[in-house]
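Me: I have a structure open and want to go through its side chains. Can we take it step by step?

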Amino acid sequence: MARSKKTKPKGKPANLTIETLLTENRVFKPNPVFVKQANLRDSAVLRKAASDPEGFWAEMAGELVWNKKWSQVLEWKAPDAKWFAGGKLNVTETCLDQHLTNGRKNKAALIWEGEPGDKRTLTYYALWKQVNKFANALKGLGVGKGDRVAIYLPMIPELIVSMLACARIGAIHSVVFGGFSPESLRDRINDAGAKLLITADGGYRRGQIIPLKHDADVALADCPTIESVVIVKRGDFLLRVKEGRDHWYHRLMQEAKSYCPPVQMGSEDPLFILYTSGSTGKPKGIWHTCGGYLTGVYATSKYVFDLKDNDVFWCTADCGWVTGHSYITYGPLANGATQVMYEGAPDWPDPDRFWQIVSENGVTIFYTAPTAIRAFMRWGKEWPDKHDLSTLRLLGSVGEPINPEAWIWYHEVIGKERCPIVDTWWQTETGHILITPIPGITSTKPGSATHAFPGISAVVLDEKGNVVKEGGGYLAITKPWPGMLRGIWGDRQRFVDTYWTKWPGIYFPGDGAKIDKDGYIWILGRVDDVINTAGHRISTMEVESALVEHASVVEAAVVGIPHELKGEALAAFVTLGKGIIGDQKLSGQLKDHVARKIGALAKPDKIIFSADLPKTRSGKIMRRLLRDIAAGKVMGDTTTLADPDVISRIKKRYEEE
Ligand code: WTA
């Protein structure tokens, strides 16, 4: 790629401040070699999509397998959208069945590698067959259209088989990330009213065994809707089997019939629920539909990742997150791609595990998160340099703002200045990528997600809803798009309040953004009480309520603090009960307590014991001030504080930590 300007931006990695971004003015034009072969290189398509977004999406939807064509592309009555209403489809026919007759039957769909080094390759035919059989097994356990199925599995092929088997029979899957605690699993199962749980005896992570079935049993003690459990045998891990309720996956598969007719679903029928953190304590069950969602993930996989038949695509996300849903399970399979899937940690047994997998399988497209890129930077370029990365032709980033230094490192050390980088902005709620470079067309700027995908209308607005032409404000999506969430499971009011009341009829994603003079969008991070740590969304309230549940804690306030690798880490300001001493031991106990309640990903990095917290006269904790203390910033306005001295006392405690 050609670099047109060299100016070193100021600022440390991960400190993606507006000031840093303002100094970032390097531009990278699309590589002509890439452009020549790109799936999308004609900017007339972009102009056409801008003037007729519905026409663009209808064209994309037309490339999927439909059993009955839709009668209307879009019905829009804010905040409710119906895409391709009247259409009937089963998403597995696009993801699997069509490939049995279009020349891809014996093509590798999944090249899987377990953390201990075990390997399996599933062709499209083999994957299709397993999905059919497991769909029949689920049917045999009484699961049907509209039923909810919870999935709590490691990154093994059975996770994808399970998701697709649900889709085959019209059941709604709710995947819960294997790193979540039993309590988090329980709450998600109960909120969705799931009938069946699919789990495994265990999984591997950094050489350790994660006892999923054991954790699931803890959760299931309090899940009245669960009738059956299916256990995948991943290792030889000890577990208890509850007669009548628990079934071994491999036994069910032995008995299951090979073909399961795909249940024809309405385009607007639910495909899945996925829980994500919001600014209040309770996770939100974001739900997506069949027709619109599949159209969105199909189109973005094709044009953002430029997928071709001879590519080897690797998205390093876990299917417990939306990235794994859209860019492992649904988008790439709808495109008939070959994918790598890996179970474990990037530094196990050594920090070159990813690069070894890239070179061994000839990965051509690699999609990961900035937090991982920063970890690679810290481990040193000698690790990727040990491997042949010459097969790579496109790199992607997702999950949080990528700081320009990490972008440049990715570009130089991994992409060898040859591979375009697509910095893709989207959310669990948006279903698919909405803001991204188109690699054969867009000139990129390190740290900017650039422009809206064709058919998407993204702008920066001020508080009142006026368009900001240049400068900072809030990101907003002004027109409906096919993969948009259709609701929060069981909570219509929260759906309306969270996303649709800031400006009527306009989607508010909760991110701050800046637009520059060339119309490039720079995402600045969350503006609500959600912390994006290592690319994962954690609600401060959720961690606070976990902390106050601990017997020694009276009050807690959690804020995000800049972190070199994770982007943001959690700092908890904690007030203890009378006479309780806040020492190292208690600090460790509280961290473990949060890990047990929510999952290790929510563990605070810092616990600051403080006799009191800054409050307004009406008793509201002023998190803004705590954030300032944690960031070592000059204090903002403290005139509304009930006790102005509290700040200097907390500051002292923080500095001592
Ligand atoms: C953040 C992950 C900057 C953002 C797909 C968003 C990003 C939240 C980017 C959604 C990006 C995601 N640049 N920020 N390229 N991608 N984000 O639901 O704050 O886990 O609102 O979906 O991640 O996180 P979620």
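**Aromatic rings and other contacts**

Reply: Tyr342 is buried, with a relative accessible area of 6%. Keep in mind that this is a predicted model.

Me: Which ring does Tyr342 pair with, and what is the geometry?

Reply: Tyr342 forms an edge-to-face aromatic pair with Phe354, at 6.0 Å centre to centre and 85 degrees between the planes. Tyr342 belongs to strand β19 (residues 338-342) and Phe354 to helix α13 (residues 353-361), so the pair links distant parts of the chain, 12 residues apart.

Me: And Phe354, buried or exposed?

Reply: Phe354 counts as buried, at 6% relative accessibility.

Me: Which residues are in the aromatic cluster?

Reply: Trp314, Tyr342, Phe354, Trp355, Phe366, Phe376 and Trp379 form one aromatic cluster.

Me: How many aromatic pairs are there?

Reply: The count comes to 42 aromatic pairs.

Me: OK, charges over rings. Where does Arg188 sit?

Reply: The charged end of Arg188 is over the ring of Phe180, 4.3 Å from the ring's centre. Lys69 lies over the face of Trp70, at 4.9 Å from the ring centre.

Me: Switching to salt bridges. How many are there?

Reply: There are 45 salt bridges by count. One of them joins Glu59 and Lys48, whose closest N and O atoms are 3.6 Å apart. Glu59 is in helix α4 (residues 53-61) and Lys48 is in helix α3 (residues 43-51), so this pair ties together parts that are 11 residues apart in sequence.

Me: Are those two buried or exposed?

Reply: Glu59 is partly exposed, with a relative accessible area of 47%. Lys48 counts as exposed, at 53% relative accessibility. The cut-off for exposed is over 50%, so the two get separate labels.

Me: What does Asp97 form a salt bridge with?

Reply: Asp97 forms a salt bridge with Arg168, and the closest N and O atoms are 2.6 Å apart. Asp97 lies in helix α5 (residues 91-101) and Arg168 in helix α7 (residues 157-169), so the pair ties together parts that are 71 residues apart in sequence. Asp97 is buried, with a relative accessible area of 17%, and Arg168 counts as buried at 0%.

Me: What about Glu544, which residue is its partner?

Reply: Glu544 forms a salt bridge with Arg623, with the closest N and O atoms 2.7 Å apart. This pair links distant parts of the chain, Glu544 being in helix α18 (residues 540-549) and Arg623 in helix α20 (residues 623-630), 79 residues apart. Glu544 counts as buried at 9% relative accessibility, and Arg623 counts as buried at 16%.

Me: Which residues form a network of salt bridges?

Reply: Lys213, Asp217, Arg245 and Asp246 are linked in a network of salt bridges.

Me: Last topic, the nonpolar core. Which members touch the most others?

Reply: The largest nonpolar core has 159 residues, and Leu127, Phe134, Leu197, Ile198, Phe305, Tyr330 and Val574 touch the most other members. Helix α7 gives the largest share of this core, 9 residues.

Me: Why does the core lie between domain 1 and domain 2?

Reply: Domain 1 (142-269) and domain 2 (530-656) both give residues to the core, so it lies between them.

Me: What is Ile198 in contact with?

Reply: Leaving aside neighbours within four places in sequence, the contacts of Ile198 include Phe134, Leu138, Val149, Tyr152 and Val230. There is also a second, separate core of 29 residues, which includes Tyr342, Phe354, Trp355 and Leu395.

Methods:
Residues numbered from 1 in each chain as written. Predicted model: local features only at pLDDT ≥ 70, side-chain atom pairs only at ≥ 80, totals over all residues. Heavy atoms only, no water. Salt bridge = Lys/Arg side-chain N within 4 Å of Asp/Glu carboxyl O. Helix = DSSP H or I, 4+ residues; strand = E, 2+ residues; numbered from the N terminus. Buried < 20%, exposed > 50% of the residue type's maximum accessible area, 1.4 Å probe, protein only. Phe/Tyr/Trp six-rings, centres within 6.5 Å; stacked < 30°, edge-to-face > 60°. Lys NZ or Arg CZ within 6 Å of the ring centre and 35° of its normal. Core = buried A, V, L, I, M, F, W, Y, C linked by side-chain atoms within 4.5 Å. Domains from an automatic or database assignment. Contact = heavy atoms within 4.5 Å.
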